[in-house]
Amino acid sequence: MKLEIKNKNQIDEAIADRICNLIQSKPNCVLGLATGSSPIGVYKLLASKNISFKDVTTFNLDEYYPIDINNKNSYHYFMNEHLFSKIDINKSNIHFPSLDNNYDQMIDKAGGIDFQILGIGSNGHIAFNEPGTEFNSLTHIVNLASSTIKDNSRFFNSIDEVPTKAITMGLASIMKAKEIVIIVTGSNKANALKELMSGNISKDFPASILNNHSNVTVYADKEAAKLC
Ligand code: F6R
């Protein structure tokens with residue numbers, strides 16, 4: 001894995017540029033998208049660029065389960081708010097995992113994910129693959145870890161409103177992406193980044209599987225990298 005230490009604006013610009021270059025060279029590329037705080041700056045930049053997403057296909061990593069997609073805390077709502085409503089993407093090219101679709105098959109049929117954006121949980125989760133998830137997992141329903149529920153409660157009125165389950169792409173689904181970037185910023189991610197970069201691969205720290213992928217760039221700021 002390649003580690004790039006930059007400030008958050010530089011990280012957002014570097015990733016947005018990579019995505020724009022990809023769309024220019026392959027207008028019908030397939031993007032894997034994350035929600036949460038980490039990718040918001042990238043989406044803002046993408047929305048401000050004069051680039052067409054009309055032939056681009058997207059697959060989001062995860063969604064709470066169950067949740068009304070019009071709920072302000074749903075990831076459908078988040079993506080519409082931060083990206084989809086601001087670009088010319090064809091709505092039928094937007095995909096989220098659900099119980100009604102065979103998500104991994106759909107991704108394969110679309111030709112596989114060319115470029116995957118990830119964030120990381122303070123407990124090492126990627127998408128909602130919590131510690132203990134099998135490395136060969138495909139899209140599945142998960143019980144969210146109590147630390148994830150606590151971390152995500154900042155978006156809700158109270159911790160009791162945070163859903164306790166989600167549907168997520170699995171670790172094997174993510175590892176099939178041709179190119180992966182992971183955004184790790186802020187001192188609350190310092191322990192996670194240290195563990196990720198240690199090279200130890202363990203189910204207890206799901207993101208560690210990325211060490212086995214041949215094209216991963218870790219974008220970290222200096223607060224997150226303070227223990228590396
Ligand atoms: C969101 C997702 C999660 C987040 C992670 C970090 O789609 O898959 O794994 O990337 O929880 O969240 P933030 O970016 O809010 O710190």
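**Close-up views of the predicted model**

**View 1. Phe59 is buried, and Tyr103 is likewise buried.** The model shown in this and the following views is predicted. When aromatic rings are taken to pair if their centres lie within 6.5 Å, the count for this structure comes to five aromatic pairs. In the pair shown here, the ring centres of Phe59 and Tyr103 are 5.5 Å apart and the ring planes stand at 75 degrees, so the arrangement is edge-to-face, the cut-off for that class being an angle over 60 degrees.

**View 2. The rings of Tyr75 and Phe128 form a stacked aromatic pair.** A distance of 6.0 Å separates the two centres, and the angle between the planes of Tyr75 and Phe128 is 20 degrees, where stacking requires planes under 30 degrees apart. This pair, too, links distant parts of the chain, as Tyr75 is in helix 3 (residues 75-82), whereas Phe128, 53 residues away, is in the loop between strand 6 (115-118) and strand 7 (140-143). Tyr75 has a relative accessibility of 10% and therefore counts as buried, and Phe128 counts as buried because its relative accessibility is 3%. Beyond the pair itself, Tyr75 and Phe128 belong to one aromatic cluster together with Tyr64 and Phe156.

**View 3. The ligand sits in the largest pocket.** There are 14 residues surrounding the ligand, of which Ser38, Asp62, His125, Ala127 and Lys189 are the closest. In the side chain of Ser38, an N or O atom is 2.6 Å from an oxygen atom of the ligand, and a polar side-chain atom of His125 lies 2.7 Å from an oxygen atom of the ligand. Ala127 takes part through its backbone, one polar atom of which is 2.7 Å from an oxygen atom of the ligand. On its own, the ligand has 410 Å² of accessible area, and the protein covers 93% of this.

**View 4. Ala127 has a positive phi, near 50 degrees, although it is a residue other than glycine.** Most residues other than glycine have a negative phi. Ala127 is located in the loop between strand 6 and strand 7, and because its relative accessible area is 7%, Ala127 is classed as buried. Ala127 is also one of the residues closest to the ligand.

**View 5. Tyr65 and Pro66 are joined by a cis peptide bond.** The omega angle of the bond between Tyr65 and Pro66 is about -10 degrees. Most peptide bonds are trans. Pro66 is part of the loop between strand 4 and helix 3.

**View 6. The side chains of Thr217 and Arg18 are joined by a polar contact of 3.0 Å.** Thr217 is placed in strand 10 (residues 216-220), and its relative accessible area of 3% is the reason why Thr217 is described as buried.

**View 7. Lys6 and Ala225, which are 219 residues apart along the chain, have their C-alpha atoms separated by 9.9 Å.** Lys6 is situated in the loop between strand 1 (2-5) and helix 1 (8-25). With a relative accessible area of 25%, Lys6 is partly exposed, a class that lies between the limits of 20% and 50%.

**View 8. The C-alpha atoms of Ser37 and Ile183 are separated by 9.9 Å, although these residues are 146 residues apart along the chain.** Ser37 is found in the loop between strand 2 (30-33) and helix 2 (40-48), and at a relative accessibility of 37% Ser37 counts as partly exposed.

**View 9. Leu61 and Phe156 are separated by 20 Å in space, taken from C-alpha to C-alpha, and by 95 residues in sequence.** Leu61 lies in the loop between strand 3 and strand 4 (62-64), and its relative accessibility of 2% means that Leu61 counts as buried. Phe156 is one of the members of the aromatic cluster that also contains Tyr64, Tyr75 and Phe128.

Technical notes: Residues are numbered from 1 along each chain as its sequence is written. This is a predicted model: local features need pLDDT of at least 70, side-chain atom pairs count only at pLDDT 80 or more; totals for chains, interfaces and linings use all residues. Side-chain values use heavy atoms; hydrogens and water are left out. Buried means under 20% relative accessible area, exposed over 50%, partly exposed in between (1.4 Å probe, protein chains only). Helices (H or I, at least four residues) and strands (E, at least two) are DSSP runs, numbered from the N terminus. A residue is near a molecule or strand if one of its heavy atoms lies within 4 Å of it. A polar contact is a pair of N or O atoms within 3.5 Å; within protein, one must be able to donate a hydrogen and the other to accept it, and residues adjacent in sequence count only if both atoms are side-chain atoms. Accessible areas come from the Shrake-Rupley method with a 1.4 Å probe; for residues, only the protein chains shown count as cover. On a 1 Å grid over the protein atoms alone, a cavity is a set of points where a 1.4 Å probe fits but cannot get out, and a pocket is an open set with protein on both sides within 12 Å along at least five of seven lines; lining residues have an atom within 4 Å of a point. A molecule sits in a cavity or pocket if more than half of its atoms lie within 2 Å of its grid points.
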